[in-house]
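This report concerns the pairing of charged side chains and the pairing of strands in one protein model. The sequence and the structure are shown first.

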Amino acid sequence: MGVLQRFERRIEEMVNRPFARAFKAEVQPVEIASALQRECDDRAAIVARGRTMVPNQFTVALGPHDHERLSVYAVALGEELAAMVTEHAAEQNYAFLGPVTVEFERDEELDTGRFRVRSAVAAGAVAADPSRSEAPARTGAPWLDVNGTPFTLTAPVTRIGRGTDADLRIDDPGISREHAEVRHQGGDVTIVDAGSTNGVIVDGRRVEQARLEDGAVVVLGSTSLTFHAGDR
């Protein structure tokens, strides 16, 4: 089953919910999904051998009638579309510089049933394992807040860096390809400098290694990460 078919099935599973009743006519979710796939394919750029980058921020412009009809469901639909884009990228071996987002805006010049898609590349934190970006409250594990993006620390060792091999990849020129490791053992979480160029700052102090307390602020390059202890 293809990405679009899986997306349609998830939408169809909502048929008994008010969410689905918005999609009886005019702009259909699968039309937007298909357009987002094309936008990725059209803007794919090979930046290194074996690495093709695509946009990660999408804006869907809708006419007044469609926007009013869908605005109530914009968050839920945006999340479904972002998940679809992520699935498509995985199948095509595309990579993102930051989290995938899909938002909607009103365009007075568009007629009912018409829409436009804009895309952009925005740097941010990307987890190698998408499940580690789930809502931390669901896991109870300690986690990092990276500019508003959550990342759970469920593995014994989490590698942070700018390189593609990192468990938590942050596109920041001040961060080394292999910058730091977060080690989680028992109730303790420790961050260790992995030989980075610009070092690891914890609560304003440069460290080679430090135990993280709840609320600690870690600075890597120009990126701030806030540590949350979770349920212990």
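In this predicted model, Arg6 forms a salt bridge with Glu87, and their closest N and O atoms lie 3.0 Å apart. This pair links distant parts of the chain: Arg6 belongs to helix α1 (residues 3–12), whereas Glu87 belongs to helix α4 (residues 74–92), 81 residues apart. Arg6 also forms a salt bridge with Glu91, with 3.1 Å between the closest N and O atoms. Because Arg6 lies in helix α1 and Glu91 in helix α4, the pair ties together parts that are 85 residues apart in sequence.

A further salt bridge is formed by Asp107 and Arg116, for which the closest N and O atoms are 2.8 Å apart. Shared partners, in turn, join Arg6, Glu87 and Glu91 into one network of salt bridges. A search of the whole structure finds ten salt bridges, including the three listed below.

| Salt bridge | Closest N and O atoms |
|---|---|
| Arg6 and Glu87 | 3.0 Å |
| Arg6 and Glu91 | 3.1 Å |
| Asp107 and Arg116 | 2.8 Å |

How accessible are the side chains of these pairs? Arg6 has a relative accessibility of 26% and therefore counts as partly exposed. Glu87, with a relative accessible area of 21%, is partly exposed, and Glu91 is partly exposed at 45% relative accessibility. Is Asp107 buried or exposed? At 16% relative accessibility, Asp107 counts as buried, because the limit for a buried residue is under 20% relative accessible area. Its partner Arg116 has a relative accessible area of 43% and is partly exposed.

The second topic is strand pairing. Strand β10 (residues 157–161) pairs with strand β12 (residues 180–185) in the antiparallel sense, over four bridges. Within this part of the structure, Thr158 stands opposite Val182 of β12.

How many bridges join β12 and β13? Strand β12 pairs with strand β13 (residues 188–193) over six bridges, in the antiparallel sense.

Definitions and conventions
Residues numbered from 1 in each chain as written. Predicted model: local features only at pLDDT ≥ 70, side-chain atom pairs only at ≥ 80, totals over all residues. Heavy atoms only, no water. Salt bridge = Lys/Arg side-chain N within 4 Å of Asp/Glu carboxyl O. Helix = DSSP H or I, 4+ residues; strand = E, 2+ residues; numbered from the N terminus. Buried < 20%, exposed > 50% of the residue type's maximum accessible area, 1.4 Å probe, protein only. Pairing = 2+ DSSP bridges.
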